[in-house]
Amino acid sequence: MTPWAEGGVRAVLARFLGHQVNRSNKRANKTDSGRSNAVHHRGLTPEHTRQARLPDQPAAGGRQVRASSRSRWQSRARTARWGAALLVPVTVLAACSSGAGNSAPVTETVQVTVPPSDAGGGSSTDAGATGTGSAAPGGATGGTGYPASGTGASGSGTGASGSGTGASSAKPDASTAQSSKPAPTKPTAGKPSSGKPTDPSAGAMPPVDTSKDTELWDDNSMVPHLFFHSLVVDPKRAFSDQESGAGYLDYMVTQREFGKILQQLYDNNYVLVSPHQLATVQADGSIKPKPLKLPKGKKPLVLSVDDVSYYEYMEGDGFASKLVVADNGRVLNTYTDAAGTTKQGSYDVMPMVDDFIRKNPDFSHAGARGVVALTGYNGALGYRSSPSEYAGKNKNLKQDIATATKVADAMKKEGWEFASHSWGHINFTKSSVDRIRSDNEKWMSDVAPIVGKTDLLIYPFGADISGVAEYSGDKYDYLKGQGYSFYFNVDGSTTAWGQWGDGYLREARINVDGLSMKAELDGRKVLDAFFDTKSVLDPARPPSISGSGS
């Protein structure tokens with residue numbers, strides 16, 4: 001592994017962990033399980049604490065590393081800018097709410113479809129301005145620069161064995177590198193099946209309209225990739241929460257913000273593409289770039305959403321509670337407002353993107369939507385559907401599995417794809433191959449029957465199994481043998497980074513959240529390749545923008 005320099009982040013980390021302990025105590029009376037899954041969520045995920053130092057805070061040892069990306073199709077060196085990283089393993093015991101229920105009591109059910117963009121000023125707790133935010137739920141949300149190697153936190157978490165009760169916290173102290181230039185404005189001239197483990201790329205996307213695809217993208221490993229978490233629907237509840245409000249400010253965006261980001265991505269000529277439109281996995285396991293032809297002037301963009309489980313800890317904090325298939329066949333959310341009224345509509349990233357593409361079909365290349373990264377320990381898509389966690393606890397387990405499968409099937413028909421985010425949100429950098437194997441077996445047992453087997457792996461915490469060196473060794477051999485061919489870490493310091501291997505495509509993702517937007521306003525220039533940060537900010541945010549500065 002490439003060594004990362006240390007920096008001063010312990011004080012901020014301690015503050016976040018203090019918030020989490022308070023929150024866990026507050027929720028302790030809801031749990032019948034001793035697990036501590038909530039500790040790396042609730043706005044305080046280990047990977048969330050891996051935020052990098054802002055540009056005006058030079059990190060010790062920050063440097064450029066030359067990344068080599070070689071294969072039979074490509075042999076070239078690229079420069080990847082890395083922030084120095086400080087690993088701060090911390091184990092925190094916390095109680096996690098559990099039980100069979102999936103939502104708060106329903107007083108009234110109202111069909112509400114939230115528009116994909118915001119016409120008004122202010123935030124709404126119900127069906128007001130739409131937008132998105134990177135949520136705090138355990139996905140890899142980097143700050144100003146996760147190293148693409150994903151040197152993440154260690155810790156027992158809720159590991160595959162189910163014995164862990166702690167959370168790990170690792171936090172690179174900063175990206176000192178300047179951002180790369182925006183993705184070129186003028187490029188030079190299927191998805192998983194349900195249930196059984198079949199070829200994930202079979203029957204993928206609708207055929208490409210070659211009458212409009214006039215330019216060939218130069219390098220499919222250098223396609224920008226933005227990621228979010230579930231959106232804050234009610235900023236008042238989320239941001240004012242004494243225990244978790246700072247974390248939500250740091251690691252999430254609101255519906256209003258996401259709606260504006262979507263519009264600006266579209267106005268800036270980005271078009272959504274699927275990882276499976278970038279490369280083809282051959283019968284022998286090797287991977288080959290796939291010609292990516294786009295309309296003239298368009299730029300490809302991969303979008304992903306982490307931790308779409310609507311974790312137990314999020315209940316009552318102003319987020320959607322689950323995904324459902326509406327009477328018209330659309331995938332929507334249920335959301336319970338502060339008054340206890342449950343509504344159905346577009347309250348999270350996936351339905352909002354679907355809404356936007358219905359109005360702007362050219363925002364999607366050949367039917368592409370985005371990638372949904374799932375863990376398993378709290379079930380999937382808002383349903384407590386994991387037998388290894390809920391057998392004997394959730395009396396509706398079989399029905400939840402069936403309903404979640406129905407939702408996943410409807411999402412795949414819409415163009416969404418699913419990735420493993422590990423079952424227990426483990427750190428692949430620190431975990432042994434045996435722990436990775438045990439965790440993956442649980443994911444295959446609990447989650448794959450719902451969403452289908454996948455060849456996409458999105459590392460929790462961005463914690464990759466290698467630095468810039470090409471993949472090799474026992475971890476890669478195991479993961480490749482399990483069918484994973486596309487790997488995604490986190491690097492918020494550059495607009496794109498990628499690497500071709502003989503059997504894989506590896507790419508970095510950019511977090512979009514309060515911390516990254518604050519860093520942008522403080523001088524880092526990465527997000528401005530995609531949207532204007534100042535203009536998308538929700539007025540519900542405090543002047544500090546993120547929770548770390550409040």
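**Charged pairs and their surroundings**

Asp337 and Lys343 are both buried, where buried means under 20% relative accessible area, exposed over 50%, and partly exposed in between (1.4 Å probe, protein chains only). The structure is a predicted model, in which local features need pLDDT of at least 70 and side-chain atom pairs count only at pLDDT 80 or more, while totals for chains, interfaces and linings use all residues. Residues are numbered from 1 along each chain as its sequence is written, and side-chain values use heavy atoms, with hydrogens and water left out.

Asp337 and Lys343 form a salt bridge, with 3.8 Å between the closest N and O atoms; the term denotes a side-chain nitrogen of Lys or Arg within 4 Å of a carboxyl oxygen of Asp or Glu. Side chains of opposite charge can pair when their charged atoms come close. Lys518 and Asp522 are joined by another salt bridge, in which the closest N and O atoms are 2.7 Å apart. Asp522 counts as partly exposed because its relative accessibility is 36%. Elsewhere, salt bridges with shared partners connect Asp354, Arg358, Arg369 and Glu414 in one network. In the whole structure, 13 salt bridges are found.

Helices (H or I, at least four residues) and strands (E, at least two) are DSSP runs, numbered from the N terminus. Asp306 and Arg509 are both buried.

Strand 20 also holds Arg506, which is buried, with a relative accessible area of 0%. The side chain of Arg506 reaches two backbone oxygens, that of Gly467 at 2.9 Å and that of Ser466 at 3.3 Å. These are polar contacts, that is, pairs of N or O atoms within 3.5 Å; within protein, one atom must be able to donate a hydrogen and the other to accept it, and residues adjacent in sequence count only if both atoms are side-chain atoms. Between Arg506 and Glu470, the C-alpha to C-alpha distance is 9.4 Å, and the two are 36 residues apart in sequence.

What is the nearest side chain of opposite charge to Arg384, which is buried yet has no salt bridge? It is Glu312, 4.0 Å away; Lys and Arg count as positive and Asp and Glu as negative, whereas His and the chain ends are not counted. Arg384 is placed in the loop between strand 15 and helix 6. Its side chain reaches the backbone oxygen of Asn378 at 2.7 Å, and a polar atom of that side chain lies 3.2 Å from the backbone oxygen of Ser309.

Helix 8 (residues 433–446) has 14 residues and should span 20 Å at 1.5 Å a residue, which agrees with the 20 Å between its end C-alpha atoms; the expected span is 1.5 Å times one less than the number of residues. Its buried residues include Ile436, Asp439, Trp443 and Met444. The buried residues of helix 8 pack against elements including strand 16 (417–420) and helix 10 (474–481), contact being heavy atoms within 4.5 Å.

The largest nonpolar core has 84 residues, of which Val349, Met350, Leu381 and Met411 touch the most other members. Helix 5 (residues 349–359) gives the largest share of this core, 6 residues. A second, separate core of 19 residues includes Val223, Val271, Val273 and Ala419. A nonpolar core is a set of buried Ala, Val, Leu, Ile, Met, Phe, Trp, Tyr and Cys residues joined through side-chain atoms within 4.5 Å.
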